Amino acid sequence: MAKFLRYLIILAVFGALVFWYLTRPQQAGSALFEGLQGAPERGENVFWAGGCASCHAAPGAKEDARLVLAGGYRMISPFGTFVAPNISPSAEGLAGWNVQDLANALLHGTSPEGRHYYPAFPYGTYQHMEAQDIVDLKAFMDTLPPSDVANTPHEVGFPFTVTRGIGLWKLLNLSPDWVLEDADTPELARGRYLVEALGHCAECHTPRDMTGGLDHSQWMTGAPNPSGKGRIPGISPDKLDWSATDIAYYLETGLTPDYDSAGGQMVSVIANMGHLSKEDRSAIATYLKALP
């Protein structure tokens, strides 16, 4: 019996060590950014395409006030309520961050202190970002107004307070693969990048499995609203019969083919999309029409 207990203890220790190793926070290699120079004018496009203001501007902010990234937007989920932090260039925000810190957060969901971020921050999408876009985004964000608004803690309970477990979630749910594998034209490739790497449209429009990860087999087919109020519509071709022209016009103006207007969180998304070029909005529409 004592021998069996010793074996059991050894196995438990070995299992804990394996778990600790596999769930460790990952970091981007510094060589990824060697020789790259950031341009704020390019970074602004990345900022709007990535929807940064939708979560990190103060709730209700409009126009230029959306560039003050004070945080405060509350994301309700079955796992708790997550509050978007201040990411302005201030002591309460990202002052002191370098490009490596930003890359670790966007590509791997890892904080400068080496901790896992909760996946309410959509690094599952941002993991596909190109290094140049990260450098450009950092250059633009450094030009934005600082805010001294203090961050509000997330409202989550045990066991979700044990952030090491997020490493296991990442193993189960993060993949370097594109969902739309074949993007055989420059416009379609651009649309895929805007949607799957920057725009994180699937975070709302795709249902989730029991772990809270996106169900790729039902990509963009619609999902329950995490707040419990209603359902977020599907935007795959079988769910949305708009033409590519209709979709691009909606992204620019917020007006549907039936002359209805965008509501809810889509108002903020449309405000972001309005900053993109006509070609980029067309590429997004092309991507959505190309989905199976």
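G254 is buried, at a relative accessible area of 4%, where buried means under 20% relative accessible area, exposed means over 50% and partly exposed is in between (1.4 Å probe, protein chains only). You'll find G254 in the loop between α10 and α11. Helices here (H or I, at least four residues) and strands (E, at least two) are DSSP runs, numbered from the N terminus. What does G254 touch, once residues up to four places away in sequence are set aside? The list is Y249, D260, S261, A262 and I270, with contact meaning heavy atoms within 4.5 Å. For a sense of distance, take A39: G254 and A39 sit 215 residues apart in sequence and 29 Å apart in space, C-alpha to C-alpha.

Before going on, a word on what you're looking at: this is a predicted model, in which local features need pLDDT of at least 70 and side-chain atom pairs count only at pLDDT 80 or more, while totals for chains, interfaces and linings use all residues. Residues are numbered from 1 along each chain as its sequence is written, and side-chain values use heavy atoms, with hydrogens and water left out.

Helix α10 (residues 244-253) packs against helix α11 (residues 266-273) at an angle of about 95°, and their axes are 6 Å apart. That angle makes α10 roughly perpendicular to α11. Axes are lines fitted to C-alpha atoms, for helices over the stretch in contact, and angles run from 0 to 180 degrees between N-to-C directions. On that scale, under 35 degrees counts as roughly parallel, over 145 as roughly antiparallel, 65 to 115 as roughly perpendicular and the rest as oblique. From α10, the residues involved are Y250, L251, E252 and T253, and they meet M266, I270 and M273 in α11. Sorted by class, this contact has 5 nonpolar, 1 polar and 1 charged residues. (Ala, Val, Leu, Ile, Met, Phe, Trp, Tyr, Cys and Pro count as nonpolar, Asp, Glu, Lys and Arg as charged, and the others, Gly among them, as polar.)

Another pair to look at is α8 and α12. The axes of helix α8 (residues 186-199) and helix α12 (residues 278-290) come within 7 Å and cross at roughly 90°, so these two are roughly perpendicular to each other. On the α8 side, the contact is made by E187, L188, R190, G191, R192, L194, V195 and E196, and on the α12 side by D280, S282, A283, I284, T286, Y287 and A290. By class, that gives 7 nonpolar, 3 polar and 5 charged residues.

H200 is in the loop between α8 and α9 (202-205), and its phi is near 40°, a positive value in a residue other than glycine. Most residues other than glycine have a negative phi. H200 counts as buried, at 16% relative accessibility. E63 has a positive phi too, near 50°. That residue lies in the loop between α3 (52-56) and β1 (74-77), and E63 is exposed, with a relative accessible area of 69%.

Leaving aside neighbours within four places in sequence, T110 is in contact with P25, Q26, Q27, D101, N104, A105, R115, Y117 and K170.

L174 lies in the loop between α7 (165-173) and α8. At 23% relative accessibility, L174 counts as partly exposed. Residues up to four places away in sequence aside, L174 touches Y123, G124, Q127 and W169.

Finally, step back to the whole chain. Its secondary structure comes to 12 helices and 4 strands. Of the 292 residues, 42% are buried. Among contacts with a separation of 6 or more, 62% are between residues 24 or more positions apart. Along its principal axes, the C-alpha trace spans about 75 × 45 × 40 Å. A compact globule with 292 residues would have a radius of gyration near 19 Å, and the chain's 20 Å agrees with that; the radius is taken over C-alpha atoms, and the globule rule is 2.2 Å times the number of residues to the power 0.38.
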